[in-house]
Every structure is written in C-alpha cells, then in structure tokens.
Amino acid sequence: MGEFKVHRVRFFNYIPSGIRCVAYNNQSNRLAVSRTDGTVEIYNLSANYFQEKFFPGHESRATEALCWAKGQRLFSAGLNGEIIEYDLQALNIKYAVDAFGGPIWSMAVSPHGSQLLVGCEDGSVKLFQITPDKIQFERNFDRQKSRILSLSWHPSGTHVAAGSIDYISVFDVKSGSAVHKMLVDRQYMGVSKRKCIIWGVAFLSDGTVISVDSAGKVQFWDSATGTLVKNHLIANADVQSIAVSDQEDSFVVGTAEGTVFHFQLVSVTSNSSEKQWVRTKPFQHHTHDVRAVAHSPTALISGGTDTHLVIRPLMEKVEVKNYDAALRKITFPHRRLISCSKKRQLLLFQFTHHLELWRLGSTVATGKNGDTLPLSRDADHLLHLKTKGPENIICSCISPCGSWIAYSTTSRFFLYRLNYEHDNISLQRVSKMPAFLRSALQILFSEDSAKLFVASNQGSLHVIRLLEGSFKHLHTFQPQSGTVESMCLLAVSPDGNWLASSGTSAGVHVYNIKHLKLHCTVPSYNFPVTALAIAPNTNNLVIAHSDQQVFEYSIPDKQYTEWSRTIQKQGFHYLWLQRDTPITHISFHPKRPMHILLHDAYMFCIIDKSLPLPNDKTLLYNPLPPTNESDVIRRRTAHAFKISKIYKPLLFMDLLDERTLVAVERPLDDIIAQLPPPIKKKKFGT
Amino acid sequence: MVQLRPRASRIPASAMVEEGQPPSEEEEEAEHGLLLGQPSSGAAAEPLEEEDEEGDDEFDDEAPEELTFASAQAEAREEERRVRESVRRDKTLLKEKRKRREELFIEQKKRKLLPDNILEKLTTAGPTNIKKPPGKLKEANLQKKKEEYEKGSDSQNAKERVQKVQFVGQNKSYVALRLKDQDLRDARQQAAKAFIQNSLYGPGTNRTTINKFLSLENKRLPVKKAAAQFLNNAWGTQKKQNAKRFKRRWMVRKMKTSKK
C-alpha cells in the first residue's frame with residue numbers, strides 16, 4: 001500500500017443550514033427538503049437516499065412552506081410573499097407569483113392536485129388555480145384576525161382547516177366563509193400570558209381536525225360541531241409539525257425538544273371495532289427543534305434546526321427486514337464542496353456566500369506509523385472571497401496549478417486569476433464573462449490549467465480556453481436526449497483528451513476534446529452517479545453510483561474493463577453495499593496504476609486491483625496487521641479493498657503527491673457547537 | 001320714609017306703552033321706566049327723573065323722533081345685506097387665491113414629471129408580477145440590463161430596493177424602474193421574521209445555551225467531567241496575535257545579536 005503523510009485538516013468551518021420544510025411525493029418516492037438559507041434539495045429515497053438535485057438558495061427567499069402538486073410539480077412559498085414553482089428538468093425556477101397578502105406562512109395543495117391554498121400574514125386565505133403552465137388567483141376566503149400559520153384540506157376537498165394564533169377556523173371551500181372557529185386554550189388547564197400558536201393542523205376524512213400548538217398539546221377537534229374531543233399534552237415545549245399518513249391510521253408530530261412522536265389508530269380492545277388514537281413511539285434523534293415531519297407509507301421523516309435529515313422506517317410497514325429498514329441520518333453533503341490544487345498545496349472551500357483559500361502547512365519531521373508530526377509552518381488562510389449579491393454559490397473550482405479560481409451563482413459566473421509573488425497573492429477578476437456560462441452546475445479545469453469545462457443547468461457543456469488574462473470560447477456540446485436525472489458531474493483525463501459528464505438518464509457521455517465530438521456513452525444504470533474520475537495513462541473511467549456500485553470503463557476500448565466485469569460477476573461485499581453515505585471523490589496514484597483511492601463520509605478506501613476480491617465471508621474492514629504476524633496469514637487475509645476508518649467524518653480526501661494525502665474532516669461536535677440554542681432539558685441532579 | 005312725588009316719567013312711560021311698539025331708540029328708556037314704575041320706592045325714581053330731565057332737556061326743543069317700524073326694519077335689512085355682501089366678497093377672494101395656488105402647484109408638479117406619453121405607457125402596461133425566466137434571447141438582454149442596473153443601484157444604497165416594471169417601449173435604450181411600496185413590504189417581512197424569532201427564541205421560551213446542553217451528560221457521569229466547551233478559544237485573540245508577532249521579532253533580533 002505504501003506509507004503516506006496525511007494532512008489532517010479541520011479548519012473547514014462548514015455549517016449546514018437547518019431544515020425548514022419537508023415534502024414527500026408518493027408517486028416518485030422523492031423527498032423535497034428546503035433549508036433556512038433558501039436551498040431546496042430533492043432526495044431520491046429509492047436510490048439509497050441520495051440527494052440528486054438541488055436548487056441554490058437566495059437571501060430573500062426564506063421558504064416557509066413546500067408542497068408537491070399533481071404531475072411532479074414543486075411549489076414553495078416564503079416570507080417574501082411569493083409562490084415559486086421549480087422546474088425539475090431545467091433545474092431552475094420557473095416563475096414567482098406574488099400573492100399580495102404579505103409574507104406567506106403556509107401552503108396546501110388540494111387532494112385532487114388542481115388547487116393551491118395559501119395562508120398569509122394579514123389573515124387572508126387565498127385560493128389559486130393550478131393551470132398547466134402557471135397558477136392563477138381565484139378568490140379570497142373570509143379574512144381572519146391574525147396570521148394563518150397552518151392549513152390543511154379535507155380529503156374530499158370541501159373544507160379547509162386553518163390554524164392561527166389562539167384559534168382554529170374551519171372554512172367551507174365553496175362559499176369561502178368560516179364555518180367554525182375553535183378557540184384553543186393557551187395552556188393545558190391553566191392560564192398563560194404567551195399566545196398559543198397553532199403550528200400545524202391536519203384534517204382527517206371523518207371530520208376530525210388534529211392541531212398541534214406551542215403549548216405542547218395535540219388536540220382532536222370535531223369539525224362538524226366545532227368542539228374539542230381529546231387533548232394530549234405531550235411536551236413541555238412547542239409541538240411544531242404534524243404529518244398524517246395516506247391511510248389515516250397513523251400520524252407523526254415533531255416537538256421543539258427534538259422528540260418525534262408517533263400516534264396510531266388502534267382498537268380499544270383486541271376484538272372491538274372501536275378505535276382510538278394512542279401515542280405509541282417516541283424517537284429522540286434530534287437535539288434541536290424538529291420543524292418539519294413527513295410520513296411516507298413505510299417511514300417517518302423528520303428534519304429540523306440541527307440540520308440532520310432523519311428517515312426512520314417503521315418496522316411494521318417494512319416488508320423485508322434487511323439493512324434497508326435501518327435508521328438513516330443524512331448530515332453531510334452528498335457532493336464535493338472542496339477543491340484542491342496539488343501543485344501549490346492549496347485548498348478551496350466553498351461556503352454559501354464566500355470562498356476561502358487555504359495553503360496547507362508543512363513539516364520536516366518524520367516518524368513512525370501513527371505519529372502526529374509537528375508543523376514547521378502553519379496552514380495559512382490566503383484568501384476570503386465574498387460573492388456579490390444575495391444568491392448562493394452553486395459550485396466552485398480551483399485549477400491544478402493554483403492560478404485560476406472559478407465559481408458560479410444562478411445569475412453570474414466569476415473567473416479570477418491569481419498571481420503569486422514570494423508570499424503574497426494578488427487577485428484579478430476576468431470581466432465580461434459570457435451569459436451562457438451562468439447557473440453552472442459543475443466547473444472543472446483541465447490538468448494543464450489551459451481549458452475550463454462548465455456544465456450548465458440547461459444540459460449543455462462549454463469548453464473554454466484560458467489565456468493569460470482572458471479566455472476564448474472554444475466549443476459547446478449541446479445537451480443530448482434524455483431527462484435530467486441528477487446534478488451533472490464532470491471528469492477530465494490527465495492527458496487532456498477525454499471529458500466525461502453524467503447526469504442525464506442516457507448514461508455517462510464521454511467526449512473527445514481534441515476533435516470536439518462525442519466519443520461514446522456508458523450504458524445507463526438506474527442509480528444516479530455520485531463520483532466520476534478518469535485514470536491517468538490507462539484512461540479508465542471509474543464511476544461510483546449511489547447504491548455503492550463501482551464500475552470501471554475503458555474509454556479507448558469503449559467497453560467495461562476485465563476487473564469491472566469480474567467484480568460485477570462476484571458482487572461487492574455485503575458490508576460495502578450497506579454503507580450509508582455515497583462516494584464523493586475518486587482519485588488515482590500517479591505511479592501505481594492498479595490503485596483507486598475513493599472515500600465517503602466515514603471511511604476511505606484504496607482498491608488494489610491486483611489483489612483478489614473479497615467474498616461475503618471474509619472480513620472487509622481489515623485492521624492494520626501487526627508486523628509480527630507471519631507472512632502467510634497476511635497473504636490469506638489480504639484482499640483488494642483496503643479500508644481505513646481513522647479519519648472521519650471525511651468531507652474530502654485526495655492524493656497530493658506520491659507520499660502525501662490530505663483529509664478534510666468535519667467533526668460533528670464542531671457543527672453542533674455553532675447551532676442556535678436548544679430547549680432546556682431538566683435532568684435530576686444537575 | 002321717602003315721600004312719593006308724582007313722577008313725570010310715568011306719563012311718557014304710559015304714553016309709550018299705549019302707543020304699542022315703542023321706537024327702538026327709546027326702547028331702553030321705556031323698559032327702564034317700566035321697571036321702575038312698578039316699585040313704589042322713590043329712591044330709584046330720583047335718578048331716573050334726572051335722566052329724564054336731561055333727556056327731556058335735549059328733546060324739549062324738538063318733538064321726539066317718530067320712527068316707524070317699517071323704516072327701522074328697512075335699516076336692519078340694509079345692515080344685514082351689507083354684512084352678507086362683505087362676507088361673500090371675502091369668500092370669493094379666498095377662493096380665487098386658493099385656485100391660483102392650486103394651479104401653481106400643478107404646474108410645478110408637471111414640470112417635475114416625465115413627459116406625458118411615457119407616463120401613459122407606464123400606466124397602461126401596469127405592474128406585471130410574473131417574472132419570466134431569462135430563457136429567451138431578447139429578454140435575456142433585457143434581464144441582463146435590468147440586473148446590471150439593479151446591481152448598480154444596489155451598490156449605491158443597499159437598503160433601498162426598487163420594484164421593476166416590465167419593460168415598455170420599442171427602443172431598448174432605457175429601462176423604466178418604478179419605486180413601489182418596497183418599504184412596506186420589507187417592514188412586513190421584518191415583522192414576520194421578528195414574530196418567528198420571538199415565538200421560538202424570545203422571552204418565555206425555555207431555551208439554553210449549547211454549552212449547557214452538551215455538558216448535561218458530563219455532570220451526571222460517575223466521574224464528573226468538565227463542560228463541553230470549557231475553553232474559550234476566542235478569548236484574547238488580539239493579545240495572542242500581538243504576542244506571536246512580538247515573539248517572532250524577538251527571535252529574529254536574538255539571532256542577529258547572537259550571530260554578531
């Protein structure tokens with residue numbers, strides 16, 4: 001394997017933003033998640049919970065509600081008073097309609113999927129008609145006194161329940177008038193000065209309205225008479241979200257303490273037909289407020305201020321009890337936020353509104369295996385580049401020689417030239433970037449830093465030649481047929497001849513850069529691509545998919561390599577396939593063509609293609625063999641997958657040169673230390 | 001006891017009374033006389049007599065003036081008409097003054113506004129609130145210009161934001177911007193954010209710091225540990241930086257002197 005000096009980097013101050021809304025789409029088994037910085041992410045739950053698409057955020061777009069409409073259309077509404085529709089194919093925003101009611105707090109799609117209801121700050125509930133290409137305002141319901149914080153349709157579409165501050169109204173959709181107004185107690189059997197905020201309502205088909213409020217109560221109301229049926233006090237803090245399953249026999253609520261409760265409709269005695277709602281399971285997977293919950297047919301999904309997305313499959317609903325029924329916690333991003341310049345040992349960190357450029361420290365000491373070497377020169381923060389405007393940065397890259405930095409937002413593309421003199425750097429912006437480069441999904445520089453490859457969200461691929469202070473647009477590869485499945489990934493071969501791009505349903509395309517045409521297409525696979533890389537010399541394209549499969553495709557031969565066929569025939573080790581997090585980066589050793597280095601959030605692995613493959617019976621995670629063990633045993637247990645779990649959680653790992661690795665870690669405690677304050681927990685003895 | 005004397009005023013008083021409606025000028029005297037006529041005390045009678053005597057002195061030469069009711073009425077009406085006329089004249093003067101000022105203001109305002117034809121176009125176009133995507137090429141140019149303009153204005157005053165009107169006009173040499181009530185919108189958004197902040201993190205919510213939250217476990221362990229964020233790394237950063245710089249300089253100086 002070899003010995004490496006590892007730069008262990010922990011100064012990437014990455015803080016994900018909290019989750020605000022979650023919406024589950026049953027037909028496509030996809031989850032839309034919106035965060036507090038305005039980003040909307042789409043997770044494909046059937047592709048091993050991989051984040052396949054995302055829409056970059058905007059400072060003014062604080063979403064408060066997210067919902068799916070008929071035909072895979074995604075709508076969101078926020079405090080800027082606009083209803084936004086997202087285009088899932090072109091990966092941009094279709095349009096934004098102002099509702100003219102002030103900030104929008106809640107939104108609900110009718111059960112038929114053709115109407116949209118929006119609850120505003122001024123107390124009005126507005127009805128919109130969803131037409132094939134946009135939405136149209138229909139009418140207002142009766143205006144209420146205070147802001148409408150939650151909405152829910154009756155499954156038949158005739159009535160609507162709206163939760164406000166201190167009361168719940170039930171509207172009749174046809175007339176638009178409030179039929180009932182149910183007053184909610186401020187505190188459970190008591191008096192309180194704080195107003196009771198109804199965070200969530202749900203309307204069941206038998207006319208029951210379930211409300212969750214800031215006093216920690218879950219209440220069942222009868223909408224026909226407008227009276228309280230049952231009262232459950234479940235928490236000392238707010239209960240902030242509610243989601244009902246499609247069959248209406250269970251629902252889930254999330255509290256501000258981080259607990260998620262599961263309520264189920266169970267029969268009173270074992271053979272009676274009378275049923276009642278019982279609180280069955282509490283789950284404590286979060287430390288902070290759970291502001292959004294969703295109920296899929298087999299799982300409970302929750303997300304909140306502590307930035308984790310937790311998917312808890314319900315054991316009674318899952319058919320096959322295998323590793324699929326385990327808890328999934330998505331904390332770290334599924335794409336690369338760090339790029340590396342190997343020649344100058346620079347790292348470029350991408351944040352939402354700025355970029356940071358760091359130079360790695362150096363050491364002259366040597367040591368044995370496992371030693372921590374003292375630094376002779378500390379890591380240096382060279383550059384802090386803030387983006388102009390309110391939009392978030394989508395992607396960024398630094399060239400391998402370290403003299404070009406490029407990043408893109410939704411409306412602009414920025415290219416900078418860096419000059420190094422002695423220990424100082426100076427930055428120069430290349431102005432007048434062409435308009436077709438904006439909203440780029442992926443940026444990549446070629447190995448000799450002479451060419452820039454940009455994948456735009458329209459599907460086209462641009463090749464630009466970089467000259468000394470300016471650029472020249474060489475060519476644009478037009479989008480091929482096929483729908484956009486996931487975000488585009490790019491890989492370029494070190495000799496500069498081949499460019500691979502993924503993201504469409506047609507498979508991975510390989511382009512010949514010298515002749516500027518499409519060379520071949522790797523057959524498509526039903527799981528999205530998570531990482532892509534081209535090996536030096538052999539020009540083998542290594543593709544990692546979200547179901548943890550790794551393929552190797554030879555570009556000159558236009559077919560899968562022998563090794564790839566062997567491992568597909570044998571299959572990967574079952575522990576390899578059960579890993580939670582996707583592989584985000586693949587790299588190669590310049591002198592050892594048989595080695596592939598890849599990593600995910602909790603391990604990094606060097607695949608040695610010359611060694612035998614492990615079968616299900618062998619130990620996958622080999623600890624480092626002690627030196628006094630005999631050679632025979634070592635040879636018997638050696639297999640191709642050398643996995644190390646020393647550095648975790650890993651955000652990025654790469655080979656700098658033959659003897660050096662760089663590993664960027666982000667400990668979870670460092671993220672938690674910078675989150676907003678949680679609810680106080682009183683424990684006995686403290 | 002005061003002696004009663006026959007008062008001359010009685011007769012003229014009664015004469016006046018008999019006449020019916022006394023003339024206005026002598027009304028007061030008549031009333032005076034009537035009032036004094038009733039009481040039988042003579043003390044009050046004396047000054048009246050004197051007055052009467054004085055008045056009588058004047059009018060002794062002439063006959064008292066006989067004013068008919070009609071003439072008095074006519075005079076009163078004249079008086080009223082005069083008053084009314086003067087009031088009307090004042091009103092009209094005021095009205096004219098106001099009119100003139102209004103016209104002056106309108107003219108000034110007109111001078112400030114854009115020419116009529118552009119205003120017409122703006123009002124007929126109306127504010128469109130559906131922002132189209134910058135997909136089409138023509139509108140892409142427009143969008144870029146609008147963005148550039150907006151960026152320019154943004155850089156000048158970050159707080160002020162302008163609402164754009166959908167482009168009007170055939171020639172694309174300018175972009176029309178209309179200042180809507182963006183301030184009202186911003187104020188509402190701020191109020192909404194403040195409401196959420198207050199209801200989740202405001203007074204009355206039971207919130208604690210991250211340090212205390214994470215240290216709760218450490219307090220209950222059999223061997224009590226320190227808090228999760230025991231060290232405050234942000235303490236004295238300036239001091240630490242100064243110390244580092246001083247150390248570097250001192251080392252260099254030391255090297256120089258030791259070499260010598």
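**A tour of chains A and B**

Select Thr259(A): at 9% relative accessibility, Thr259(A) counts as buried (under 20% relative accessible area; exposed is over 50%, partly exposed in between; 1.4 Å probe, protein chains only). This is a predicted model: local features need pLDDT of at least 70, side-chain atom pairs count only at pLDDT 80 or more, and totals for chains, interfaces and linings use all residues. Residues are numbered from 1 along each chain as its sequence is written, chains are lettered from A and ligands numbered from 1 in the order written, and side-chain values use heavy atoms, without hydrogens and water.

Thr259(A) is found in strand β24 (residues 259-267) of chain A; strands (E, at least two residues) and helices (H or I, at least four) are DSSP runs numbered from the N terminus. Now show Gln284(A). Its side chain joins that of Thr259(A) in a polar contact of 3.0 Å (a pair of N or O atoms within 3.5 Å; within protein, one must be able to donate a hydrogen and the other to accept it, and residues adjacent in sequence count only if both atoms are side-chain atoms).

Next, Glu248(A), in the loop between β22 (239-244) and β23 (250-255) of chain A. Its side chain makes a polar contact with the side chain of Ser205(A), at 2.7 Å.

Move to Tyr188(A), in the loop between β17 (178-183) and β18 (198-203) of chain A. Tyr188(A) is partly exposed, with a relative accessible area of 35%.

Last, select helix α8 (residues 210-220) of chain B. Its buried residues are Ile210(B), Phe213(B), Ser215(B), Leu216(B) and Asn218(B). What covers them includes α4 (668-672) of chain A.

Terms used: Contact means heavy atoms within 4.5 Å.
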